Amino acid sequence: MTEDWSAVAEAINARANELTLKQKEIAERSGVSLAIVREIQQDRIQRRRSPRTLEALSIALDWHPEHLSAVLQGKRPPEIGPPAETFDPVVPLLQTIIRELRGLRAQVGTLASRIDDGSRQKD
């Protein structure tokens, strides 16, 4: 099955206009980086994204968590979820912390392998 990233971009843009949300606000509400929000909204880079990214964006736009995944697959999206008043600002912050920790873990792994390579060359 093909993925329709243009449909995802159109859906996000229409909903952002409807809710009068700017890209920065969508990024803050979702915990998704502003660069990725831009890429998706402008339909510039079509690549596989984590299902959590689409879920976080769906929730930030007051949709069912599976809304954008359904749009991507050309399926009918589930009914709209709870109103924005139930939005929990802690969730996107935790998602951001998790992404940062993963990035730090990758950097530590890279540094450790460089140290190992350097010590092997001295032997």
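Predicted model: local features only at pLDDT ≥ 70, side-chain atom pairs only at ≥ 80, totals over all residues.
**Notebook: salt bridges**

Residues are numbered from 1 along each chain as its sequence is written, and side-chain values use heavy atoms, with hydrogens and water left out.

I then looked up the salt bridges (a side-chain nitrogen of Lys or Arg within 4 Å of a carboxyl oxygen of Asp or Glu) and found 3 in the structure.

Asp62 pairs with Arg29 in a salt bridge, with the closest N and O atoms 3.1 Å apart. Asp62 sits in the loop between helix 4 (51-60) and helix 5 (67-72) while Arg29 sits in helix 2 (residues 23-30), so this pair ties together parts 33 residues apart in sequence. Helices here are DSSP runs (H or I, at least four residues), numbered from the N terminus.

For Arg49 and Glu39 I noted a salt bridge whose closest N and O atoms are 2.7 Å apart. Arg49 lies in the loop between helix 3 (34-42) and helix 4, and Glu39 in helix 3, so the pair ties together parts that are 10 residues apart in sequence. Arg49 is buried at 11% relative accessibility, and Glu39 is buried at 12%.

Last, I recorded the salt bridge of Glu18 with Arg15, at 2.8 Å between the closest N and O atoms; both residues lie in helix 1 (residues 5-19), 3 residues apart, about one turn of the helix. Glu18 is exposed at 56% relative accessible area, whereas Arg15 is buried at 9%.

Note on methods:
Helix = DSSP H or I, 4+ residues; strand = E, 2+ residues; numbered from the N terminus. Buried < 20%, exposed > 50% of the residue type's maximum accessible area, 1.4 Å probe, protein only.
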